[in-house]
Amino acid sequence: MNQIPTRTYRTLARRALQAAALITILASVGGCAHTAPSTTLYERLGGENGIESIVERFLYRVADDPELVGFFANTNIDHLAGSLANQFCAVSNGPCRYEGPPMERAHQNMGITDAHFNQLVEHLDAALREENIALGARNEFLGRLAPMHADVMRYQ
Amino acid sequence: MFRFTATPFIARTLCRLAGIACVGLVVASSGAQAGSRIMSTGGVSAIEGAAGGGLSPWAVLSSTASDEELGATAFASRAWLDDYRLTVGGASLNVYDQVELSYARQRVELQTLGGELEQDIFGAKVRLFGDVLYHPLGIWSAGVLHKRLVDGATPTALGADHTEGTDAYLSASKLLFAAAAGRNVMLNATLRNTEANQGGLLGFGGDQGGREWVAEASVGVFLTPHWIVGTEYRQKPDNLSVGREEDWQSLYSAYFFSKHVSLTAAWLDLGDIAGLASQRGSYLSLQAAF
């Protein structure tokens with residue numbers, strides 16, 4: 001007797017659930033299309049000055065990390081800062097071309113582990129947050145750097 | 001009668017949840033080292049103990065242990081359905097982000113039918129290749145879940161062939177950066193070979209069929225780096241003629257307070273279970289990792 005209302009209810013609930021899921025996906029994709037900023041990622045990172053500040057905060061954090069600072073013992077930090085800023089600018093569609101060494105060669109035989117790499121990512125994300133970079137720009141920037149993991153790890 | 005059985009049960013569950021929370025707080029406050037992997041890349045604990053969503057194992061390995069670290073998690077979960085209550089407690093170990101070993105104890109209280117069913121689930125998951133964040137193809141893992149009913153009398157009476165069984169699965173997970181309105185999107189797909197009825201709580205195999213491949217998938221959006229909302233879908237076999245078995249689905253929200261503590265809430269639709277129609281309800285899961 002009560003099969004019909006139960007079934008109907010269940011079907012409705014299930015459809016509602018699937019529809020909600022679909023709407024979530026569509027809304028996010030649609031939202032993406034609508035809110036896609038016309039500015040470049042470079043601008044959203046604060047342009048030349050913004051990127052310089054990010055690099056500075058990032059390197060200060062790395063210098064304070066006893067597990068990472070050793071990798072930079074023989075590094076000219078000013079040169080590294082310039083090279084990083086240049087790379088961040090290029091990666092974020094800024095008016096630069098990265099002219100440093102390829103990632104795999106720059107990190108060759110340094111004994112870098114995934115743990116080191118992850119720590120570095122956390123320092124960079126923290127630097128971005130401290131510079132008040134919006135979440136969307138942070139995600140996009142980290143997403144563009146993420147594939148470099150393979151190159152950095154190639155000759156460890 | 002219901003009240004008498006439910007009260008100590010709730011008390012035990014609360015104690016267990018509180019215990020997990022305490023472990024998390026102690027670990028967090030003692031400054032115990034978290035793994036170096038980025039927060040939330042270990043997912044939460046699925047009801048079968050493996051790292052995943054709530055219903056389905058994912059390819060990521062539990063905790064935030066990286067290639068030279070060990071990680072451990074403990075969790076307690078509870079689902080309140082129309083005619084059943086499921087309680088799960090368990091733990092997992094991540095060895096160098098290559099192997100995950102897990103254990104879960106599931107107990108379902110049959111509030112309408114009376115009685116309870118329990119099973120132990122021993123899990124092992126091996127990372128095949130990749131990385132959920134850094135690899136273009138994400139992370140791929142293969143795993144097994146060996147399940148043993150504590151008392152198989154009821155499932156056997158319902159027509160199940162066995163009281164223990166093993167699921168095998170292949171899973172892939174990938175985080176898409178800034179994929180939806182600047183937010184990161186988590187995708188997971190799992191293929192599982194199983195003969196488990198209702199996850200194993202109603203035994204393994206039956207008069208209508210046995211081992212088969214089923215698909216599971218989930219998609220979630222990280223609204224913030226701490227908070228993901230999404231949905232999960234899990235196909236199910238349908239081996240017992242006494243009660244139709246249906247696919248499971250959920251809408252979930254998981255909050256990562258830190259690398260150490262996460263709380264997941266979900267709305268479940270588990271379909272018909274053992275002849276009782278359309279089991280829906282809520283789900284809470286607390287996880288501590290270190």
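A disulfide is taken here as a pair of cysteine sulfur atoms within 2.5 Å. In this predicted model, a search of the whole structure turns up one such link over all chains. The pair in question is Cys89(A) and Cys96(A), with an S to S distance of 1.8 Å. Cys89(A) has a relative accessible area of 3%, and because buried means under 20%, Cys89(A) falls in the buried class. Cys96(A), at 28%, lands between the 20% and 50% cut-offs and therefore counts as partly exposed.

As for the overall fold, chain A is built from eight helices and zero strands, so from the N terminus on the order of elements simply reads α-α-α-α-α-α-α-α. Of the 156 residues in chain A, 39% are buried. Contacts reach well along the sequence: taking those between residues at least 6 apart, 73% join residues at least 24 apart. The chain exposes about 9,000 Å², with 56% of that supplied by carbon and sulfur atoms.

Helix α6(A) makes a handy check on geometry. After α6(A) comes Asn132(A), whose phi is positive, near 60°.

How values were computed:
Residues numbered from 1 in each chain as written. Chains lettered and ligands numbered in written order. Predicted model: local features only at pLDDT ≥ 70, side-chain atom pairs only at ≥ 80, totals over all residues. Heavy atoms only, no water. Helix = DSSP H or I, 4+ residues; strand = E, 2+ residues; numbered from the N terminus. Buried < 20%, exposed > 50% of the residue type's maximum accessible area, 1.4 Å probe, protein only. Contact = heavy atoms within 4.5 Å. Areas by Shrake-Rupley, 256 points an atom, 1.4 Å probe, with all protein chains shown as cover.
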